[in-house]
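Me: Please examine the structure below with me, one question at a time.

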Amino acid sequence: MGFGDGELKETNTNTDYVYAQTYSDVYIQTKLQKLLLERRLLLLRKCESGDNPKALNPADTNGKRSSGLYQFQDTTWEATIKRYKLEGTDIWNGQHQQVAVEAMWYGGENFYNHFPTCWKAIVLN
């Protein structure tokens with residue numbers, strides 16, 4: 001099965017266009033979206049903490065402490081854990097923060113609100 005080949009998944013007929021998508025097309029699109037997200041999250045954590053899960057900012061822009069890979073403030077971290085019912089609750093554990101950020105992404109959170117400086121820099125580049 002090559003690029004664009006595969007079983008027909010969906011056909012949408014409209015007066016303006018005809019759209020057909022195969023399973024392999026969907027797989028490629030999904031894989032590319034995942035790679036784009038991974039790249040953006042790598043850039044985000046490099047910007048936020050220098051990719052250091054033990055990074056600590058004693059006074060963020062609002063004067064509150066930020067911790068870890070993605071520089072969560074304690075109240076945001078606790079709310080994220082609760083909202084997405086996450087098992088990993090250690091703010092200093094990089095894997096726990098990674099899972100939390102991915103949950104936020106797939107949960108439709110506005111990253112610009114949570115990471116304004118770094119997210120703006122990533123999206124504009």
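Reply: This is a predicted model, in which local features need pLDDT of at least 70, side-chain atom pairs count only at pLDDT 80 or more, and totals for chains, interfaces and linings use all residues. Residues are numbered from 1 along each chain as its sequence is written, and side-chain values use heavy atoms, with hydrogens and water left out.

Me: In which helix is R45 found?

Reply: Helices are DSSP runs of H or I with at least four residues, and strands are runs of E with at least two, both numbered from the N terminus. The run that covers residues 23-49 contains R45, and this is helix α1.

Me: Why does R45 count as buried?

Reply: Buried means under 20% relative accessible area, exposed over 50%, and partly exposed in between, with a 1.4 Å probe and protein chains only. R45 counts as buried because its relative accessibility is 17%.

Me: With which side chain does the side chain of R45 make a polar contact?

Reply: A polar contact is a pair of N or O atoms within 3.5 Å; within protein, one must be able to donate a hydrogen and the other to accept it, and residues adjacent in sequence count only if both atoms are side-chain atoms. For the side chain of R45 the distance is 3.3 Å, and the partner is the side chain of Y70.

Me: Which residues does L41 touch, not counting residues up to four places away in sequence?

Reply: Contact means heavy atoms within 4.5 Å. With residues up to four places away in sequence not counted, L41 touches Y70, Q98, V101, E102 and F111.

Me: Which residues of α3 are buried?

Reply: Helix α3 covers residues 94-106. Its buried residues are G94, Q97, Q98, A100, V101, A103 and M104.

Definitions and conventions: The expected span of a helix is 1.5 Å times one less than its number of residues.
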